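Please open the model in a viewer and keep the selection tool at hand.

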Amino acid sequence: MELYRLSISEAKELLDKRKITAKELLNSIYQRIESVDSKVKAFVTLSKEKAYEMADASQKQIDEGRSLPLHGIPVAIKDNMCTKGIRTTCSSKILADFIPPYESAVTSRLNENGYVLIGKTNLDEFAMGSSTENSGFFTTRNPWDIERIPGGSSGGSAAAVAADECIAALGSDTGGSIRQPAALCGVVGLKPTYGRVSRYGLVAFASSLDQIGPITKNVKDSAILLNIISGKDPFDSTSAPVAVPDFTKVLGNEIEGLKIGIPKEYFIKGMDREIEESVKTAIKKLESLGAIPVEISLPHTEYAVATYYVLATSEASSNLARYDGVKYGFRAAGKDLMEMYMNTRAQGFGAEVKRRIILGTYALSSGYYDAYYKKAQQARTLIKTDFEKAFNSVDMIVTPTSPTAAFKSGEKTEDPLQMYLSDIFTISINLAGIPAISLPCGFTSNNLPIGLQIIGKHFDEESILKAAYAYEQSTDWHKRKPNL
Amino acid sequence: MKYEAVIGLEVHAQMLTDSKIFCGCSTKFGSEPNTQTCPVCIGMPGALPVLNKRALEFAIRTGLATNCKISNYSRFARKNYFYPDLPKGYQISQYELPICEHGYIEIVVDSEIKKIGITRIHMEEDAGKNIHEGAGNYSFVDLNRAGVPLMEIVSEPDIRTPKEAAEYMKKLRAILRCLGVCDGNMEQGSLRCDANVSIRPVGQKEYSIRAEVKNINSFKFVEKALEYEIKRQIKVVEEGRKVIQETRLWDSDKGVTESMRSKEEAHDYRYFPEPDLVPITVEQEWIDEINASLPELPDAKSKRFVSEYGLPEYDADLLTSEKTLAEWFEAAVEAGGQPKAVANWIMGELTKLLNEENKSIEECQLKPKQLAEMLKLMDKGTISGKIAKAVFEEMYRTGKDAETIVKEKGLVQISDELAIEKAIDEVISKNPKEVERFKAGDEKLLGFFVGQIMKLTKGKANPQIVNEMLRKKLL
Ligand SMILES: [Zn+2]
């Protein structure tokens, strides 16, 4: 049996029935990594030694009948979440040797539930990008076509899940960084409501937009991981004191009568024909399951990308100030303090990160603040209001996740603006702080996955999981595997 | 031309909370470098701040005690700049919506009450400390202080003289100490004062270009630094030059202010709302609760000391400038001490002795009740004022009661006329020349005779009786 192919729930059943051991499962995963990761290049760091310790500890608990939801489950973590004692790089040279002395809130929760950390996955440096081409180390490849990018910034996590190099993974999503790579790699990616999951220990890119979420082989696994990582954390003031339901409970419920909004601004002239067709077919499928499509308008959609790039870069310019060579991480030599600062940051950060720091610094500068940052905050409020109004008449909103399928490495690296448009359908959701899930809804003629995005109301992950599950169960897209 | 100064003070007060403003680390002073730190206060990647509610309460207390309006909705902002002692590359402070605004405190200058406006009070985190000694070409950074809660208390430009500035600082310090929110120690840096200073011809309404004077690190320098800066600016203007907007550092060794950086080099701090902290909403109920729990403030206490104990205003102000001093006074009066006498002993001998040892009244082993009892011995005539001074000092040093000391040292006053007469006779017979001169009209010699008698009786003779008997004998 190819154990590495298993989902969380499948693996869990075999582990609990003692048909397999945690070690066997872990062996299988590492063998898989060995055989395919030279092509996919999903991982920055493998934590083998630690993983086997965790698997042993898990097995003990299982043997003693104290099995918790993740005991023995090999999980990959995007390399921007701090793992105590294990290198956390953000795929940046400036943190290339950074070993956190503390554990992030999400990995603590996974720990408490018995997970096995197999390694840290590649990303665009500091999560800034849509292809992993901005990684300070190397580009991850799309398992469906290794000439192509996996999407980003959580490209390593999405590729690892798609290539069966882990059972599940965590990513982070600031403007689409979970959903877009999930779509491009043919897996399920969920961005929870802002405040649903603690950001403590997530290396910040844009604090008011960042949110951690699961990247999984199916919708059920997404619900299982969300159950574990959700909830108020006293160490993150922006995490919300909202009750956490059992998200797996709603899976399998009928979607009869659910109103699904189809925003006209997301189906525009000139969009990729294959994507449009797949998404429209998916909407038909949902309709056949009892959902009622309703055309809606989100009138301020066109301002989303500009708004996002002002706010996200502003926050980033400040969040990344701490990488100054003084306390930890990379330090370049210099004849005095100022030169040390400048050399450290010039050599430690990659081009895209520097571009965004400069953009954000500019937007916050006195004399420009009102025209950029403040204006963008106002636009953000309008975008939020668009969604609030829409949700008065619909239960959820359905759109494509990405305007294109996976593109070729190098295709967009020369044109940052073109690259920024990769997130055109996902960015508004972060600005509004609402949850959205991406799941496979078809393939292009080149056999590249296409993603369907389902957007929900604040703290209503249940509804989008329910709809996603109903759709998934009536299709076979999630069962397809790349040839590696 | 006559000039007047326009002064506004920005005071940073370190709050006396047990833990830092955004993490659980201790705020204790003087520990080994970097031992009171955690991922949050050293700016580790991914660490997040959580507001210490106690710091918020302290800021509200201070706002209420200085007649401020407390904002029901306020928020933190980031102040961005690079410096090694600032681990995140930004300081979490407040900018657009501070916790307290529009207050005032009253000061007394030349017996006139003057209101000094408080523009705002906001909360922020302290930075760490760079240490240059013993590091060769490098500097060390100690982050124990990084994240210690501060209040910045900004006054209106209502202050006109260095004296007013000093009075404002004294009053503010008294209030902070009375509230228990800051220990007010300028030398240790828990209270810091920056001054915005400009001058203008008397009668001119508009403000002139101002300079900011930093590093006024002691109470005694508040007046000195401002006096210097005002004179400097007047000189600049009278020489036909212009005062420029700049930051100047007070150098207490040289007694001058020196230019640090001009406006052109000034930082652009790129303030923006802190996205890692939710806006602060304060319930009116909580504000009311804090208000009800405020202690009696120095001004109110001073007024009460005048009306209740009949003290002069000067005494009342002085005694109420320190909460502990006022408590000591009231305890001594409570124990039966006559208020004015108690006040005199506190302001005189006790303050002198404490200052000699650089001690505060809390560290004093002499208890208020003991002073009250010594005063009773004086009233009864058991000891004279002169002996009392010696007894007091002995009480202060040993903590023993006055009565014990008097007994042990045999200091009981001699009021026995026979004994005194014997001493007078002895002195007269030993000093015939002086007696002649006195009789011839040299009245000043009376003091000489008294002194000799006191010497003979080891200071125990009742001076009143000595005086009376001596006059009778000599005349
Ligand atoms: Zn700390």
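Begin in chain B with strands β4 (residues 77-80) and β5, which run antiparallel and are joined by four bridges. Helices (H or I, at least four residues) and strands (E, at least two) are DSSP runs, numbered from the N terminus, and two strands pair if DSSP finds at least two bridges between them. Before going further, note that this is a predicted model, in which local features need pLDDT of at least 70 and side-chain atom pairs count only at pLDDT 80 or more, while totals for chains, interfaces and linings use all residues. Residues are numbered from 1 along each chain as its sequence is written, chains are lettered from A and ligands numbered from 1 in the order in which they are written, and side-chain values use heavy atoms, with hydrogens and water left out.

**First stop: the sheet in chain B**

Select β15 (272-273) of chain B as well. The open sheet has three strands in the order β5-β4-β15, with antiparallel pairing. Its edge strands are β5 and β15, each of which pairs on one side only. Across the strands, Lys79(B) stands opposite Gln91(B), and Arg78(B) stands opposite Ile92(B).

Which way do the residues of β5 (residues 90-93) point? Tyr90(B) and Ile92(B) point one way, Gln91(B) and Ser93(B) the other way, and all are buried. Buried means under 20% relative accessible area, exposed over 50%, and partly exposed in between (1.4 Å probe, protein chains only).

**Second stop: the largest cavity**

The lining divides into nine nonpolar residues, one polar and four charged.

Rolling a probe the size of a water molecule over the atoms shows where empty space is left. On a 1 Å grid over the protein atoms alone, a cavity is a set of points where a 1.4 Å probe fits but cannot get out, whereas a pocket is an open set with protein on both sides within 12 Å along at least five of seven lines; lining residues have an atom within 4 Å of a point. Grid points are joined across faces, edges and corners, and a volume is the space filled by probe spheres set on the points. Ala, Val, Leu, Ile, Met, Phe, Trp, Tyr, Cys and Pro count as nonpolar, Asp, Glu, Lys and Arg as charged, and the others, Gly among them, as polar.

Now select Ile118(A), Phe126(A), Phe387(A) and Ile454(A). Of the 161 residues in the largest nonpolar core, these four touch the most other members. Helix α9 (residues 304-319) of chain A gives the largest share of this core, eight residues. Apart from it lies another core, of 65 residues, including Val11(B), Met15(B), Ile60(B) and Ile92(B). A nonpolar core is a set of buried Ala, Val, Leu, Ile, Met, Phe, Trp, Tyr and Cys residues joined through side-chain atoms within 4.5 Å.

Select Ser208(A), Gln377(A), Arg380(A), Lys384(A) and Pro279(B), the closest to the centre of the second largest pocket among its 29 lining residues. About 770 Å³ of space lies in this pocket. Helix α12(A) gives the largest share of the lining, six residues.

Select Phe98(A), Phe126(A), Tyr323(A), Tyr328(A) and Phe349(A), which form one aromatic cluster. Rings of Phe, Tyr and Trp (its six-membered ring) pair if their centres lie within 6.5 Å; planes under 30 degrees apart count as stacked, over 60 as edge-to-face and the rest as tilted. The count comes to 31 aromatic pairs over all chains. The rings of Tyr323(A) and Tyr328(A) have centres 6.3 Å apart and planes at 70 degrees, so the pair is edge-to-face. Both residues, Tyr323(A) and Tyr328(A), are buried.

**Last stop: backbone details**

Select Gly152(A) and Ser153(A), which are joined by a cis peptide bond with omega about 10 degrees. Ser153(A) is in the loop between β3 (116-121) and α5 (155-162) of chain A. Finally, select Asp110(B), in the loop between β6 (100-109) and β7 (112-125) of chain B. Phi of Asp110(B) is near 50 degrees, a positive value in a residue other than glycine.
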